[in-house]
Amino acid sequence: MEFLRPASWDEALAAMAEHPGALPISGGTDVMVELNFDLRRPPAVLDLNRVAELAEWSSDGASVRLGAAVPYARIIDELSGPLPGLATAARTVGSPQIRNRGSVGGNLGAASPAGDAHPPLLAAGRGVRVEAHSVRGVRLIPIDEFYLGVKRNCLAPDELIRAVRIPVADGPQQFSKVGTRNAMVIAVCAFALALHPADGTVGTGIGSAAPTPRRAPEAEEYLRESLDWTSGGPLDPQVPLRFGELVAAAADPIDDVRGTAAYRRHALAVLARRTLAWCWDDYREQLGRTA
């Protein structure tokens with residue numbers, strides 16, 4: 001197994017072109033586990049830790065360009081305002097050590113349906129784009145098209161993720177997950193919700209309850225039509241119940257060591273109701289401040 005250690009982004013792209021299918025590593029919080037247990041034996045490992053620009057982010061006020069290697073700890077500290085859903089999810093990732101090393105780029109590269117970053121990225125809006133670079137050029141991949149299957153994404157063998165472009169939140173966002181304990185746990189299921197008052201739409205993201213992270217389109221449309229966006233009136237008690245049912249119906253879970261499919265559907269309905277209540281309370285508070 002070759003070990004490649006480029007000193008610049010151009011060198012990294014050249015290395016991927018010469019060694020297509022090489023395994024990129026930055027934080028290594030997933031990769032090293034697989035290597036240590038001999039679950040994966042790639043022909044080459046590409047260490048990206050010397051490529052400094054991967055750990056940078058920028059914003060133009062409308063969106064954030066998040067470098068692939070910006071660790072979760074910095075997302076929590078520096079981006080809780082513009083990306084509240086992602087920052088909330090980042091707080092649930094592993095231990096402090098893992099949050100200091102793990103990144104959204106790593107989550108996307110691994111493409112595990114249980115990755116905590118996926119639901120808030122899906123909920124953040126259809127404007128989320130994954131920057132995939134190669135010596136052939138740059139692709140901006142819509143987040144909805146990125147996931148292909150269990151631990152499979154649409155990256156070509158010579159492509160690397162450089163950044164993710166995420167719209168700045170224009171309304172409340174929430175994330176919640178269920179695990180077998182309170183810390184350092186892989187999600188049994190997870191759910192993210194984002195309200196987009198600017199255009200009266202809703203974004204959802206389901207994690208660890210289908211072969212890939214996915215939205216709940218019917219639930220989104222139901223909320224879009226049911227919420228009182230203008231006056232922010234109280235929720236009809238039937239709205240959270242129906243929303244939870246639609247979210248659970250959008251999942252396609254399995255039975256495994258962490259939970260049954262039936263439990264996952266039940267838990268998703270509960271998470272959907274709770275995140276809706278939290279988001280709507282935040283939205284009503286925001287309306288009150290601007291009245």
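The following questions and answers walk through a predicted model of one protein chain.

Residues are numbered from 1 along each chain as its sequence is written. Because this is a predicted model, local features need pLDDT of at least 70 and side-chain atom pairs count only at pLDDT 80 or more, while totals for chains, interfaces and linings use all residues, and side-chain values use heavy atoms, with hydrogens and water left out.

Visitor: How many helices and strands does the secondary structure of the protein chain come to?
Guide: Helices (H or I, at least four residues) and strands (E, at least two) are DSSP runs, numbered from the N terminus. Counted in this way, the secondary structure of the protein chain comes to 11 helices and 13 strands.

Visitor: Why is the protein chain described as being as compact as a globular protein of its length, and what is its radius of gyration?
Guide: The radius of gyration is taken over C-alpha atoms, and the globule rule is 2.2 Å times the number of residues to the power 0.38. Along its principal axes the C-alpha trace spans about 60 × 45 × 30 Å. For 291 residues the globule rule gives 19 Å, and the chain counts as compact in that sense because its own radius of gyration is close to this, at 19 Å.

Visitor: What percentage of the residues in the protein chain is buried?
Guide: A residue is buried under 20% relative accessible area, exposed over 50%, and partly exposed in between, using a 1.4 Å probe and protein chains only. Of the 291 residues in the protein chain, the buried ones make up 52%.

Visitor: Which residue in the hairpin of S4 and S5 takes a positive phi?
Guide: The hairpin has three residues between its strands. The residue with a positive phi, near 95 degrees, is Gly61.

Visitor: Which residue in S10 is the bridge partner of Ala132?
Guide: Strand S6 (residues 129-134) and S10 pair in the antiparallel sense over five bridges. Within S10, the bridge partner of Ala132 is Ile161.

Visitor: How many disulfides does the structure hold, and how far from Cys279 is the nearest cysteine sulfur?
Guide: A disulfide is a pair of cysteine sulfur atoms within 2.5 Å, and the structure holds zero of them. Cys279 is in no disulfide, and the nearest cysteine sulfur, that of Cys189, is away by 17 Å.

Visitor: What kind of aromatic pair do Trp229 and Trp280 form?
Guide: Rings of Phe, Tyr and Trp (its six-membered ring) pair if their centres lie within 6.5 Å; planes under 30 degrees apart count as stacked, over 60 as edge-to-face and the rest as tilted. The structure holds five aromatic pairs. Trp229 and Trp280 lie 6.2 Å apart, centre to centre, with 80 degrees between the planes, and this pair is edge-to-face.

Visitor: Where in the chain do Trp229 and Trp280 lie, and how many residues apart are they?
Guide: Trp229 is in the loop between helix H9 (217-226) and helix H10 (238-250), whereas Trp280 is in helix H11 (residues 261-290). Both Trp229 and Trp280 are buried. The pair links distant parts of the chain, with a separation in residues of 51.

Visitor: Which residues are linked into a cluster by ring pairs?
Guide: Trp280 also forms an aromatic pair with Tyr283, a tilted one with 5.0 Å centre to centre and 40 degrees between the planes. Trp280 and Tyr283 both lie in helix H11, three residues apart, about one turn of the helix. Tyr283 is buried, with a relative accessible area of 7%. The cluster linked by ring pairs consists of Trp229, Trp280 and Tyr283.

Visitor: Is Pro43 buried or exposed?
Guide: Pro43 has its place in the loop between helix H2 (31-36) and strand S3 (44-47). Because its relative accessible area is 60%, Pro43 is exposed.

Conventions:
Pairing = 2+ DSSP bridges.
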